[in-house]
Amino acid sequence: MFQLLDPAGRLRNGAKPPLDDEFVLEGLRWMMLSRAIDARATGLQRQGRLGVFSPVLGQEASVVGSAMALDPTRDWLVPQYRELPAMLMHGYPLHKHLLSKDGVVMTYFGEGASSEGDFHEACNLAGVVKAPVVFFLQNNNWAISTPRQLQSSAGSLAERAAGYGMPGVQVDGNDLLAVNQVSREAVARARAGEGPSLIEAITYRMSFHNTTDNPSKYQDPAELEAARARDPIRRVQAYLKGRGMWDEKREQEFEQAISEEIEAAIVKAQKAPLPNRSQIFDNVFAELTPRQAAQRRELLGEG
Amino acid sequence: MAEKLFRAALREALLEEMERDESVYLIGEDIGVFGGAYRITEGLLEKFGEMRVVDAPIAEEVIVGSAIGAAMTGLRPVVEMMTVNFSLLAYDQVVQNAAKIRYMFGGKVSVPMVIRLPGGAGHQLSAQHSHSFEVLYGFIPGLLVVSPTTPEDAKGLLKSAIRTDNPVMFMESMSLYNTRGEVPDEEYLTPIGKAAVRREGADLTILGVSRQVVLALAAAQKLEDEDVDAEVIDLRSIRPLDWKTIVDSVKKTSRLLVVEEGWPTFGVSAEIAAGVQLRAFDYLDAPVNRIGGAEVPMPYNQQLEKAAIPSSEDIVKGALAMVGKKVSA
Ligand SMILES: Cc1ncc(C[n+]2csc(CCOP(=O)(O)OP(=O)(O)O)c2C)c(N)n1
Ligand SMILES: [Mg+2]
């Protein structure tokens, strides 16, 4: 498993800092924003003000480190549901993407999803046509209550790449620097026309699957404790501290700014107008079918 | 008789059939320690062990495929699809294999498999997770398709489904899991292929598909205030259809309103309307009417979702129009 930072935030074997500190700080900001959103959104869900929510908690380095390897002006980011900071970072500028010629696709999925047949079909086809795709597998050890070893007997999920004729690499998914490095390499390879790659980020889902779940039914608390000791955010903070770029004051400033950003977004969302019932028929077809038109008239009480 | 939750009745059926017959086993996603996404298999792993309660990788096609193979060679698998929406990934196995194997093997092999399919809307699960797919399975020869609406039938139909030698698609309305009803204490089976008259009436028949029966009964109550006496039928079996119960009722009331949550175009209600005009044309005083879901992917917003599925008010309105009345203010 490729790693640059050890869990205490020290560079391994005298390695040189691979990224400039501003870039790492930017990554840390996204990671901290993500974690703060998790807490706030979970609270809103518990108050009945938000629907089902899936936290990123524990996987921030994996999501942020990979998404920061993309060029938002031309690359595609195709998330699952546990990549909120990546989506905030990139938005959905589809029109730009559809025209870009040298864009790369980074697609995210869990180790559970990688048991589905279509994952294998996609990898196989991508290998054959040398598609510019990075398959980013977040192995967080859980698929709802199903542990990773029930998904596959393969020791490494990255090794499957050999069967599709592409490189596969296992990376410490809680190490921002390492994730970013392997992601950059895979993106560069795709951009150069050399084809797809598979990245398996080893991380851990430190929270529930989503707000309907209760992990205490199936999760060993010791395992969660062990994961906490590998917390991706604390690791980056420790690293930056060692470089004189992080202290308590800075942490408070970050947290303050993040909290203001989230509250402003909530206020904005609350002010958004409620949709109208008549809108349910929009965008199914280019124009309403006769039966839809009849159903719409009935719904609106127009006879 | 004792009052039980719908979900508990389903669990009892599994438990009793697994105790009765060693060849019955369960397979699905998160059905073991977790007890299933809707808690239907809770405690069954502890009781029957890993050989009979199998937690599978997320791979619906092979979950169903392996169950078909097991069924062909003598076991009686009960598959839990986490929701009906994911059964699309296994549709090929169901249509091409489960439904056809008896035929293609000249009757020498059967597929005594049940697939449990929690479905329906109403939980803000949005466009891809709120389907009613009765039609998708109902139109395949070789499959039995049932859909209970009471705890009693949930248990009785599931036991019948496990015992028949045909593959059965067992549609469960997620919204009914926490409803209660009387369940007999003694052993019983609810026959597949029989509808049930839930309320007798003289003015029109309201036929509910799956959970719509519950809405139809509520509507019938309100219709009383308008001096309309509605008969309510619970379809229970989508394939085969119980024409006798439906036609007898239509002969009595002369009017039929069919309600389903799924899209009405090519819907279960379309099949029933076609069959009824053929069998009871001379008895009808009005065209068969039907109410179905809005022909759109399910909206996420709570209010929009409500607008996209039938309500008991919609049924009252439809029924009144059929007997020539308007909703009184
Ligand atoms: C085809 C299909 N099958 C099952 C599900 C239900 N489901 C939703 S998320 C999930 C677990 C996915 O686990 P994983 O891929 O490891 O992603 P993670 O939640 O860990 O990020 C399951 C089984 C689904 N949404 N779609
Ligand atoms: Mg996972």
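How do the residues of the shell around ligand 1 divide into nonpolar, polar and charged? The shell holds 9 nonpolar, 5 polar and 5 charged residues. Here Ala, Val, Leu, Ile, Met, Phe, Trp, Tyr, Cys and Pro count as nonpolar, Asp, Glu, Lys and Arg as charged, and the others, Gly among them, as polar.

This is a predicted model, in which local features need pLDDT of at least 70, side-chain atom pairs count only at pLDDT 80 or more, and totals for chains, interfaces and linings use all residues. Residues are numbered from 1 along each chain as its sequence is written, while chains are lettered from A and ligands numbered from 1 in the order in which they are written.

Stay with the ligand. Ligand 1 is surrounded by 19 residues. A residue is near a molecule if its C-beta atom, placed from the backbone, lies within 6 Å of it. The closest are G110(A), G112(A), A113(A), A143(A) and F86(B). The site is shared between chains, because residues from chains A and B surround ligand 1. Strand 2 (105–110) and strand 4 (142–143) of chain A are the elements that give two or more residues to this shell. Helices (H or I, at least four residues) and strands (E, at least two) are DSSP runs, numbered from the N terminus.

Now the interface. The contact takes 23 residues from chain A and 21 residues from chain B. Two residues are in contact if their C-beta atoms, placed from the backbone, lie within 7 Å. On the side of chain B that touches chain A, helix 11 (residues 302–308) gives the largest share, 4 residues. That side of chain B has 12 nonpolar, 4 polar and 5 charged residues.

Next, chain A itself. Chain A has 10 helices and 7 strands. Its C-alpha trace spans about 75 × 50 × 40 Å along the principal axes.

Two packed helices are described by the angle between their axes and the distance between the axes. Axes are lines fitted to C-alpha atoms, for helices over the stretch in contact, and angles run from 0 to 180 degrees between N-to-C directions. Angles under 35 degrees count as roughly parallel, over 145 as roughly antiparallel, 65 to 115 as roughly perpendicular and the rest as oblique.

Take helix 1 (residues 21–46) and helix 2 (residues 60–67) of chain A. Their axes come within 9 Å and cross at roughly 135°. Helix 1 and helix 2 of chain A are therefore oblique to each other. From helix 1 of chain A, G27(A), W30(A), M31(A), S34(A) and R35(A) meet E60(A), A61(A), V64(A) and G65(A) of helix 2. This contact has 4 nonpolar, 3 polar and 2 charged residues.

Helix 8 (residues 232–242) of chain A also packs on helix 1 of chain A, with axes that come within 10 Å and cross at roughly 150°. That makes the two helices roughly antiparallel. Helix 1 of chain A contributes residues including L25(A), L28(A) and M32(A), and helix 8 of chain A contributes residues including I233(A), V236(A) and L240(A). The contact divides into 9 nonpolar, 2 polar and 2 charged residues.

Finally, two backbone details in chain B. A cis peptide bond joins R239(B) and P240(B), with omega about 0°. P240(B) sits in the loop between strand 12 (237–239) and helix 9 (243–253) of chain B. D227(B) has phi near 65°, a positive value in a residue other than glycine. D227(B) lies in the loop between helix 8 (212–225) and strand 11 (230–234) of chain B.
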